[in-house]
Amino acid sequence: MHPALSHVLSSLITVLHSLLFVLLCFRAFYTLHSTCFGFTSLPICSSLRPLPTASPSLFTLPNHAAHRDFGSGFTVFNDLAIASSVLLSEGAASRIMIIDLDVHQGDGTAAIFEHDRRVFTFSMHGEKNFPLKKENSSFDVPLPDGTDDEHYLEQLEHHLPRLLGYFEPDFVFYDAGVDTHKNDALGRLSMSNAGLLRRDLFVLRYLRHNNIPVATVIGGGYAKDHLEVAVRHSIVFNAAKTVWEEMGHGRLTPNLVF
């Protein structure tokens with residue numbers, strides 16, 4: 001390719017990226033101040049919506065990698081951090097725990113709240129996965145490549161009850177990433193669909209039994225087959241459906257796991 005043409009194409013790509021960033025910023029700002037649909041406002045609205053005690057609320061777009069002053073990990077804004085800050089500033093919660101079970105550490109969330117004692121960040125993630133430089137969560141559990149269902153659940157069931165008892169949150173955000181799956185393109189762990197369901201049921205049931213309200217995001221998941229990823233994301237919805245019915249709120253249909 002001619003050097004001049006290469007330079008023009010490179011400049012054009014840079015302009016398009018900048019334009020896309022501006023549009024994303026505008027859309028996020030607009031939806032934050034107007035509706036419950038879109039980027040940053042969605043988790044805020046979901047967490048503030050009146051719910052029965054310890055009922056599972058669900059939304060999406062868990063941008064846990066973005067930092068206070070720069071984007072990271074495919075994300076521009078850190079929805080979990082923004083939603084937590086709104087709840088705290090509005091007095092809707094005073095002690096928030098973020099349970100981050102995405103395969104990638106929630107480094108942005110950890111960095112933002114590192115010195116804020118009102119927020120406890122708990123991350124179980126691939127030790128050798130992105131980001132290469134990890135931040136200091138309130139509590140980190142780095143997992144080796146190839147971690148399977150049993151080892152994963154053993155770690156979760158050991159740490160989560162202890163941490164909840166220690167911090168005593170009055171609200172929880174749960175990032176139910178499915179990139180821990182054995183077939184995930186970026187995950188490097190070895191969980192199955194059945195293991196993901198056991199994980200999500202354990203978290204949601206434990207929070208329910210302890211009367212802790214929770215809002216759940218669907219986290220990361222990567223594959224060429226989008227339907228395959230969608231099926232994995234549906235697992236936490238099915239877990240929430242099960243917990244909802246166990247709470248005596250009536251039966252929900254249909255099942256969301258294919």
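This briefing describes the fold, the model confidence and some local features of one predicted chain. The model is a prediction, in which local features need a pLDDT of at least 70 and side-chain atom pairs count only at pLDDT 80 or more, while totals for chains, interfaces and linings use all residues. Residues are numbered from 1 along each chain as its sequence is written, and side-chain values use heavy atoms, with hydrogens and water left out.

**Overall fold**
- The chain has 7 helices and 6 strands, these being DSSP runs numbered from the N terminus (H or I, at least four residues, for helices; E, at least two, for strands).
- Read from the N terminus, the order of elements is α-α-β-α-β-α-β-β-α-β-α-β-α.
- Of the 258 residues in the chain, 47% are buried, where buried means under 20% relative accessible area, exposed over 50% and partly exposed in between (1.4 Å probe, protein chains only).
- Among contacts (heavy atoms within 4.5 Å) with a separation of 6 or more, 64% are between residues 24 or more positions apart.

**Confidence**
- The average pLDDT, the predictor's confidence in each residue from 0 to 100, is 80 for the chain, and 69% of the residues score at least 70.
- Helix α5 (residues 149–167) has the highest mean pLDDT among the elements, at 98, whereas helix α2 (residues 41–48) has the lowest, at 49.
- Over residues 24–42 the pLDDT is below 50, and this stretch has 30 contacts in the model beyond near neighbours in sequence.
- Where pLDDT is low, the predicted coordinates should not be read in detail.

**Helix α3**
- Within α3 (residues 79–89), the buried residues include Asp 79, Leu 80 and Leu 88, and the helix is followed by Gly 91, whose phi is positive, near 75°.

**Helix α6**
- The 17 residues of α6 (residues 193–209) should span 24 Å at 1.5 Å a residue, and this agrees with the end C-alpha atoms, which are 24 Å apart; the expected span is 1.5 Å times one less than the number of residues.
- Buried residues of α6 include Arg 199, Asp 200 and Arg 208, and Asn 211, which follows the helix, has a positive phi near 55°.

**Asp 116**
- Asp 116 lies in the loop between α4 (107–112) and β3 (119–126), and it counts as buried because its relative accessibility is 18%.
- The side chains of Asp 116 and Arg 118 are joined by a polar contact of 2.9 Å, a term for a pair of N or O atoms within 3.5 Å in which, within protein, one must be able to donate a hydrogen and the other to accept it, and residues adjacent in sequence count only if both atoms are side-chain atoms.
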